[in-house]
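Here's a quick briefing to read alongside the model.

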Amino acid sequence: MLFDMSIPVTLAKGDRFHVEALVNSETKKAIIRPTGFIDENTDFDSLLEYITKIAPGLQEMTFDLGHIDSLNSLGARAWLIFLEKAEALIPLKFEKVSEVLVDLAGIVPNVLGTAKVSLCSFCAPYYCPKCDRRTVQILTPSAIHREKGAFTPPAFTCNECKSELEFDGHPDEYFGFLK
Ligand SMILES: [Zn+2]
């Protein structure tokens with residue numbers, strides 16, 4: 001393998017979108033970190049080409065999706081097409097899935113892949129009423145309590161004032177993608 005964990009490979013570098021890849025040839029794992037805005041100009045072809053090239057030497061690939069700030073409808077379409085092809089190449093894991101992707105996953109099936117993709121963690125918005133401050137927590141799917149179709153997010157306290165944070169959204173809508 002030509003790649004090493006200590007040297008991130010930068011792919012598809014642009015003003016609004018870029019991708020970083022960290023490949024560890026010893027553990028046979030890779031982390032792919034797309035960052036920015038996904039639209040019709042996002043170059044998923046180069047990314048797919050790169051993944052196709054490295055997949056045979058790897059056991060799994062983790063997508064760090066915590067830095068996707070926004071995506072428009074054509075971008076979402078391109079993402080779905082890319083994902084379908086990537087899924088067929090190598091087992092995928094998703095971590096720190098950003099709020100925009102979670103929101104979309106509640107509406108559009110397969111935004112976070114099919115059942116083959118394992119969802120490790122995702123971002124969730126919280127709010128401290130005392131500090132008037134919004135924070136993002138990273139949750140695992142198992143941290144969400146589910147009962148009779150209703151979702152209860154885990155409790156967190158504010159780092160600053162130690163009050164209990166409120167979930168900044170509608171839990172049943174936000175966590176609906178976990179169904
Ligand atoms: Zn606070």
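Let's start with a helix pair: helix 1 (residues 44-54) packs against helix 2 (residues 73-87) at an angle of about 10 degrees, and their axes are 10 Å apart. Angles under 35 degrees count as roughly parallel, so that's the label for helix 1 and helix 2. Keep in mind that this is a predicted model.

**The helix pair up close**
- On the helix 1 side, the residues that meet helix 2 are Phe-44, Leu-47, Leu-48 and Ile-51.
- Helix 2 brings Ala-78, Phe-82, Lys-85 and Ala-86 to that meeting.

**Overall build**
- The protein has four helices and 12 strands.
- Its radius of gyration comes out at 17 Å, close to the 16 Å from the globule rule for 179 residues, so the protein is as compact as a globular protein of that length.
- If you want a box for the C-alpha atoms, roughly 50 × 30 × 30 Å along the principal axes will do.
- Of the 179 residues, 25% are buried.
- Take the contacts with a separation of 6 or more: 64% of them join residues 24 or more positions apart.

**Domains**
- There's a split into domain 1 (1-120) and domain 2 (126-170).
- Between the C-alpha centres of domain 1 and domain 2 you'll find 27 Å.

- An open sheet is built from three strands in the order 9-8-12, with antiparallel pairing.
- Strand 9 (133-139) and strand 12 (166-167) are the edge strands; each has a single partner strand, so one side of each has no neighbour in the sheet.
- Strand 8 (residues 122-128) pairs with strand 9 over seven bridges, in the antiparallel sense.
- Two of the bridge partners to look up: Tyr-127 goes with Arg-134 in strand 9, and Cys-128 goes with Arg-133, also in strand 9.
- Strand 8 and strand 9 make a hairpin with four residues between them.
- In that turn, Asp-132 has a positive phi of about 50 degrees.
- As background, most residues other than glycine have a negative phi.

**Two lysines with positive phi**
- Lys-28 sits in the loop between strand 2 (17-24) and strand 3 (29-38), and its phi is near 60 degrees, a positive value in a residue other than glycine.
- Is Lys-28 exposed or partly exposed? It counts as partly exposed, because Lys-28 has 13 C-beta neighbours inside 10 Å and the cut-off for exposed is 12 or fewer.
- Lys-162 belongs to the loop between strand 11 (150-152) and strand 12, and its phi, near 70 degrees, is positive too.
- Lys-162 has 9 C-beta neighbours inside 10 Å, so Lys-162 counts as exposed.

**A loop valine**
- Val-108 is placed in the loop between helix 3 (99-105) and strand 7 (118-119).
- With 15 other C-beta atoms within 10 Å, Val-108 is partly exposed; a buried residue would need 20 or more.
- Where does the chain bring Val-108 relative to Leu-80? The two are 28 residues apart along the chain, and their C-alpha atoms are separated by 9.7 Å.

Technical notes
Residues numbered from 1 in each chain as written. Predicted model: local features only at pLDDT ≥ 70, side-chain atom pairs only at ≥ 80, totals over all residues. Domains from an automatic or database assignment. Pairing = 2+ DSSP bridges. Rg over C-alpha atoms; globule rule 2.2 N^0.38 Å. Contact = placed C-beta atoms within 7 Å. Axes fitted to C-alpha atoms, helices over the stretch in contact; angles between N-to-C directions. Parallel < 35°, antiparallel > 145°, perpendicular 65-115°, else oblique.
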